[in-house]
Amino acid sequence: MFNIQFYKEKSIIIYSLLLTLFAVLFVSVELNNGKLYANDFKVYYEATKDFFSGNNPYVHSYGLDTGYFKYPPTTLLFFAPATFLSFSVVKMIHIIIIYLSLIVAFPLWQRMITNVFEIKAPNWILSLAFFVIVIHLTREFHMGNVNVLLLLSFVLGAWFYHKKSFLKSSFFYGMMLILKPIMILVVIPILLFRNLKMIALLIGWGMVFLFGPIVLWGWKTNWSLWEGWINSITAHGEYISNPSSLQFLIPNLFGMPHSWLPSLIVLLLFIVLWFKMDFKNHTDPRSFWFWTVLFLGLTPNFFVTDSQHFLLSIPTIMTLILFLVKKRNLIGWVGYCLGMLLFSFDSMDLWGRTLSSKFTEWGILGIGNLIFIVSILYVWSKQKSIDATSYHLQK
């Protein structure tokens, strides 16, 4: 993908040092206080052990009361090797993998997006991106979830897509989708821009992940597991709420019961905007990647998830920063600063339990993310206006 010279760039060295210092200090403090629980990772680990002991992993919780295994059955195969080690050992391996994924994902995304949009990135971009997201990284390391692995899978898939290596790209996108199907929104731009080869490859990988396990545990067990997964995600919506998701955020503002309607309306609005702004530009890679980061950024607002899923917004946020560096749009910078205030300072340690609980109740994190999305949409629309004016002048 890139040679070792890539990591000799000043911005990447500074970012890598910041990330390393953070990871070492945070994990050391957590271990010293006996609080490196990794409860989310424990769900994957114990559910996988339970399954290979002959039990149904979708029946009861693991670790916390809400620690139900609600991931596709194929995920059990991915975590099977971990069950040969003790939880304390494999937990540390998982944290190291999270760290290494961050080392790769941020610089690789910056390299790709600066190439696509022909932007020269200042040395401070990666460090700023790190500080925007660091609050959410503390939760990811503490809980041991797989959101950073999702991020890495997306970035690798995007990198190979950009290089037109669609078989490799579809594999990483497929891994991303099977780990957490909420990433399905990222596929929408592929459909809108009519990349039939990529769509066919994704369907192919879907068939492999869906029916491949039959070879190992038979049709009956495979069908039973998929049925258990569908039941688990249906139940998930009944015992989990998140005021930062559109399903709760908008109804709460108007005193209405939560529903999928606000999420679906916003999704439809984005598709309508695509038709209005970029329908005729289905061969323009800039348009494709803009809409990809927009739909990716919408993901944690669209679905009812925990706050760590907002790590998935980092490509959107980094792209917004790079747009603003190139265009110096004042309104865009105001939107970015306001979004960062709400998004990056959502911490109980900063505000105390009472005020922090209020911020959570008001969906402050989700509002901050939506401000980022509106800001990048505004900056892109201004660029489209400039491009259209330039085109007419040339004619």
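The second largest pocket of this predicted model holds about 450 Å³ of space. A pocket here is an open set of points on a 1 Å grid over the protein atoms alone, with protein on both sides within 12 Å along at least five of seven lines, and its lining residues have an atom within 4 Å of a point. Volumes are the space filled by probe spheres set on the points, which are joined across faces, edges and corners. The lining comprises 20 residues, and F78, F79, H94, I97 and L149 lie nearest the centre of the pocket. Two or more lining residues come from each of α3 (75-79), α4 (87-117), α6 (147-162) and α7 (166-179), with α4 giving the largest share, six residues. By class, 17 of the lining residues are nonpolar, three are polar and none is charged; Ala, Val, Leu, Ile, Met, Phe, Trp, Tyr, Cys and Pro count as nonpolar, Asp, Glu, Lys and Arg as charged, and the others, Gly among them, as polar.

A cavity is a set of grid points where a 1.4 Å probe fits but cannot get out, and the whole structure has one of 30 Å³ or more. The largest cavity has a volume of about 30 Å³ and is lined by A105, F106, W109, L151, V155, I314, P315 and M318. The lining of the largest cavity has eight nonpolar residues, with no polar and no charged ones.

As for the overall fold, the protein has 17 helices and zero strands, taken as DSSP runs numbered from the N terminus (helices H or I, at least four residues; strands E, at least two). The C-alpha atoms fill a box of roughly 70 × 55 × 50 Å along the principal axes. Of the 395 residues, 54% are buried, meaning under 20% relative accessible area with a 1.4 Å probe, protein chains only.

S245 sits between α10 (214-239) and α11 (246-253) and counts as buried because its relative accessibility is 0%. Leaving aside residues up to four places away in sequence, S245 touches N301, F303 and V304.

Residues are numbered from 1 along each chain as its sequence is written. Local features need pLDDT of at least 70 and side-chain atom pairs pLDDT 80 or more, while totals for chains, interfaces and linings use all residues, and side-chain values use heavy atoms, with hydrogens and water left out.

Note on methods
Buried means under 20% relative accessible area, exposed over 50%, partly exposed in between (1.4 Å probe, protein chains only). Contact means heavy atoms within 4.5 Å.
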